[in-house]
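Let's take a walk through this protein together, one feature at a time. Keep the structure open as you read.

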Amino acid sequence: MTTTRSRQDRDPEAARSRDRYEPSTIEAKWQERWEREGVYRTPDHVPGKDNWYALVMFPYPSGDVHIGHWYQYAGADAHARFKRMQGYNVLHPMGFDSFGLPAENAAIASNIHPRIYTEANIANMRRQFRSMGAGYDWDRELETHSPEYYRWNQYLFLKLYKAGLAYRSRGFANWCESCQTTVANEQVLDGACERCGTTIVRREMDQWFFRITAYADELLEMDDLDWPNKIKVMQANWIGRSGGVDFDFDISEYGLAETRLTTFTTRIDTVYGATFVVLAPEHPLVEQLTQPEQRESVVGYVEQAARTSEIERTSTEREKTGVPTGAYATNPLNAERVPILVGDYVLATYGTGAVMGVPAHDDRDFVFAKKYGLPVRVVIAPDDWDGSDLEEAYLAPGTQVNSDEFDGLPSAESIERIADKIEAGQIGHRRVTYRMRDWQFSRQRYWGTPIPIIHCKSCGTVPVPVSDLPVRLPDEAEFKPTGRSPLADDPDFINTICPDCGEPARRETDTMDTFVDSSWYHLRFASPQESEAPFDPDAVRAWLPVHQYMGGAEHAVMHLLYSRFFGKALRDLGLVDFDEPFTRLFNQGLLIKDHRKISKRSNPLAPDALVARYGADAIRCYLMFLGPWDQGGDWSDDGLSGITRWLNRVWDLAVRDIAGLPEVGDPETERELVRAAHKTTRRAVLDLERFKFNTTIAALMELSGDMNRIWDRGSVTAAAWSDAIERMLLITAPLAPHIAEELWERTGHPFSIHNEALPGWDDELAADEVITVVVQINGKVRERLELPADVTEDQAFEAAFASDRVKSYLDGAEVVRRIYVPGKLVNLVVR
RNA sequence: GCCGAGGUGGCGGAAUGGUAGACGCGACGGUCUCAAAAACCGUUGGGCAUAACGCCCGUGCGGGUUCGACUCCCGCCCUCGGCACCA
C-alpha cells in the first residue's frame, strides 16, 4: 500500500520517531514560540488591514478552565483566528471577572484572603488557556479586582451619579440569606438566588440603583442588532413594556389628603365592569382607608403578607386571598361605589400598586370574585354571547355592553375612546409601564468595588472627588458576612473627612455588583494600560463597537442588558459615540455529557488530563465537531478517536515524501485533486463564517480521504499535491493551530501559518465535470444518470427517455408534465 | 399559561423546496500480525425479495399545499430554555 511506503522506505525506527504526530511535544513548542515572537500581539492599527474585535465573555476565575469553558473558548478562538486569516487585524483579548462571592466564600471557608485565592486561580487558568493554544493578546489582559481596573468602575459610577443615573433609595430589596447580600431582580430566578438557590426574602433597606429604566424604550430598539432572536425576545420580555391608563377612583368621601385612588390597567375598555378595587398590602393608602371594624383583619393580613416569601407570593398556583378594608371607591365614569380590598396578588412594585377588579375580563379577578362573592358584570360581549353567566373570564376583544355611551362599539375602538374621555375629564391619563425595575447594584460584601461615596452629617451624600480615586479595598478585613458589608467593621476604612466641609464623615461601605465590572470591560480592552481615563478614546474608536461577541445565553437579561445600558449612559455622557456595544452576538450552546450538564462536582471531565493524553488540538476539534456550536454538544469519550484518526491522517498526508511524484501527472486525477481542494476551501470558508465548525471539519475529513485515495494512484505532480496540502493546512489552522503550524514548517513554509491568509477558491475549478441527474417519475426517484456538468435541458430529457428503466415506467403512460432542475433532476409526471 | 428553540439510523449529527442519513462514533466482515493494538479496505435506516433487475416503508403524530416536503402551511404530542398573579 502506497500510504505507508514513504515510511517503510526509510529506517523504520528512526522514521517513526521523527514522523509520528506527538501533540504534547509540538504543542508546547509552538505555544512557547508564539508567545516569544508575539504572534498574537495586537496593535491598534495595521496599515492595510481593517480591525476586527472578537470578544468572548471573560470567565470568573473559579480556578479551572473546565470543559464547558473549553467548548466556549475554543470555538471563539477558532472564529477569531478565522477572521485573522481573512486579513483582519483581530483583537481577541482575555481577562478575568475576578471580583465576586465565590472567592470570598472560599476565603471564609479556608481562611485564605480572597485576593490570594483569586490570583492563584487566575495563574492556573492562564496556564490552561495557554495549553489550549488560544490566540490571546496577553499584553491586554485585565483583572477586574485590580485597583487599576476598579478605580474606573468608581469613576464611571461618579459620572452616572452626577448625571442622576445612579441613586440611593430605601425600599424592599431582594435579600439572599445565604449570600448575606442583596441581589438585583435579574439575579433572582424563580424567587431564588441565581447564584446559590436560596429563597430570596424581601428586606427593607437603603440600596443603590442605576436608572436603567430611563433607557427602557431605547433598550427595546434591537432591530439593528445582529443578535440571536432568542436573546432579543428575552430582553423585550424582561423590559415588559405595556401601554395602559392610570385611572382614578374617587375616595373623597373619607376626607383624606388623597381624594383619588389611582389604578393602572391595560384594559380600560373593561372599566365599566369594575366591581371592586384591590390594593397591594404595601400600598400607602391601606392604613388610612381601613375602617375600624376591619382594622384587625387588615393589619393581620398585611403582616402575614410581609412574612410571605416572594417566591410564594408570586406563585400562580397559589390561591388568591384578600380582605375587605370596609372602604369604598367611586368609579367616576358611572358613579358606582365599589368595595376596596387588600390582596397580595397585587404587586406594590408594578403600575400603581392598585388595580380595578374586572372579574368578567381578567382571570385573576375572576377567581378572586368567585371566592369572595363579588359581582361579575360582562362589559365586553363575545360574538355569540347569549347573556348568560361566564364560565371563565372572557379576555378576547368583543362588543361593548353595559358601558353607557360606548355600548355597541367594538372593544378595540372603545379602548381608545374611553381613554380619550378619561383624559378629557381629568380622571386619569394614558401611561406606559415597564416590568423592568432599576438595577439594584449595591452588595453587602467585601470582595467588590467600594462605592465611592461619603456620608456626611451636614452635607449628606457626597461623592468622593475623582482625584481621590481609587477608594481602595482594605487588604485586611474580617470577611465573615454579618448582613452588612465587612467594610463597615473597618474603622480605618469608614472614618474619613467630608470632601465638602472637612468634618469627620463615614464612607459608604457597600460594594458594587460584579456586573458593573463587566458592563464596560469591552471598552477597557481597547486600552487596558490607560492610566488617565477608563479608556483611551482613540483606541475605543479603533476597536468599538465589538464586531463579534461570543458567549452563553445565560446572560441574556443580566450582563447583556446591563452592558447595553452602560453603553447608552456613557454615550449620553459623551464618553463614547455609538449606541450599542456588541454589533453581532453569537451564543454557543451548552455542553452536556450523558444527558446531564457537566459540572465540577457531579459530572466531571478534567481538560488537563485530556490535553495530556490527546493534545489540545484534538480536544478543540472534537468539541467543535460535536454539532452546531449554537446548539451545544453531547460529549462522549468514544468520539474522540475519530478526531484523533483524522489528525493523524492529516499529519501522515502532509509529511509524505513528494520527491517520488511524477513530473507529469494524469490530467484527470490532477483535476480531481484540485477540485477536491477548491470545494473544501469553499465549504470551509463559508461554514467558518457562520460558526459551523462541525461541517468545516467534516469537509476537511472528506478532503483527507480523497487525497489519500488520489495519492495511491501515484499520478499527480508534486506541485498539485503541495497546493492541496497547503490549502488543507491553512483551513485547519484556526481549528487546530498547533498541528497546522508544525506541518506548515515541515512542508517548507516560513513561520507562522497564523500570519498567512486563507486560500481563495475558484468556482470553476471546484465545479464537477460529471453530475448525477436524478430522474423522478411522479416525484419518486427511479433512475440516476451520470451526465456532463454542462448538460442542457433537452439533453437531460433525452438521456432520461433513453433509459431502459425510465422506459419501463413510461410504458402505456402519458407524460403530462416535465420538470427540470438544472444540474439536479428531471421529474416526469405521468398518467 | 405565555414566549423561544428543537424532535432525522444503535449514538453525535448532515441536508432549509429537488438523490434523506454527509462526516464521525459504534457494530460487523476483511487486510496486515505469532497474537493483540494501531492503521487501512468494505458493509451498516427498516421491511419484502424469484437475491437479479428490484419493490415498499421511513425525518415526533394527523391533515394540507406542491410535479416534488425533513424543509412551507394548519392542528396536536413530546423535550429543552426563558418568563410567569406585571393588571
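Three strands, ordered β29-β28-β30, make up an open sheet with mixed pairing. The edges belong to β29 (596-597) and β30 (633-635), each with a single partner strand, so one side of each has no neighbour in the sheet. Strand β28 (residues 591-593) pairs with β29 in the antiparallel sense over two bridges, and here K593 stands opposite R596.

A few ground rules: this is a predicted model, in which local features need pLDDT of at least 70 and side-chain atom pairs count only at pLDDT 80 or more, while totals for chains, interfaces and linings use all residues. Residues are numbered from 1 along each chain as its sequence is written, chains are lettered from A and ligands numbered from 1 in the order in which they are written, and side-chain values use heavy atoms, with hydrogens and water left out. As for the labels, helices (H or I, at least four residues) and strands (E, at least two) are DSSP runs, numbered from the N terminus. Two strands pair if DSSP finds at least two bridges between them.

Another open sheet has four strands in the order β6-β5-β9-β19, with antiparallel pairing. At its edges stand β6 (181-183) and β19 (439-440), each with a single partner strand, so one side of each is left without a neighbour in the sheet. Strands β5 (residues 166-176) and β9 (residues 200-210) pair over eleven bridges, with R170 opposite D206 in β9.

Helix α7 (residues 147-162) lies across β5 and β9, and runs at about 85 degrees to β9. That angle is taken between N-to-C directions, from 0 to 180 degrees, using axes that are lines fitted to C-alpha atoms, for helices over the stretch in contact. Contact means heavy atoms within 4.5 Å.

## Rings that meet

How many aromatic pairs does the structure hold? There are 47 of them. Rings of Phe, Tyr and Trp (its six-membered ring) pair if their centres lie within 6.5 Å; planes under 30 degrees apart count as stacked, over 60 as edge-to-face and the rest as tilted.

Take Y149 and W520: their ring centres are 4.7 Å apart and their planes at 15 degrees, so this pair is stacked. Y149 belongs to helix α7 and W520 to the loop between α16 (514-517) and α17 (521-524), so the pair ties together parts 371 residues apart in sequence. Both residues are buried, and the cut-offs are: buried under 20% relative accessible area, exposed over 50%, partly exposed in between (1.4 Å probe, protein chains only).

F157 and Y161 are also stacked, at 6.0 Å centre to centre with 20 degrees between the planes. They sit four residues apart in helix α7, so about one helical turn separates them. F157 counts as buried because its relative accessibility is 1%, whereas Y161, at 21%, counts as partly exposed. Ring pairs link both into a cluster that includes W208, F210, W439 and F565.

## The nonpolar cores

A nonpolar core is a set of buried Ala, Val, Leu, Ile, Met, Phe, Trp, Tyr and Cys residues joined through side-chain atoms within 4.5 Å. The largest one has 172 residues, and those with the most contacts inside it are I67, F157, F210, W439 and W635. Its largest share, nine residues, comes from α4. Apart from this core lies another, of 38 residues, among them V245, A329, I380 and I422.

## A helix tucked away

Is helix α26 (residues 737-746) largely enclosed or left open? Eight of its ten residues are buried, so the rest of the structure largely encloses it. The buried ones include H738, I739, L743 and W744. Among the elements covering them are α3 (23-37), α4 (67-85) and α25 (718-732). Just after α26, G748 takes a positive phi of about 85 degrees.

Two peptide bonds to look up: the one from L469 to P470 is cis, with omega near 0 degrees, and the one from L544 to P545 is cis, with omega near -5 degrees.

N402 has a positive phi of about 55 degrees although it is not a glycine; it counts as partly exposed, at 44% relative accessibility. Q426 also has a positive phi of about 55 degrees without being a glycine. Q426 lies in the loop between α14 and β18 (428-433) and is exposed, with a relative accessible area of 59%.
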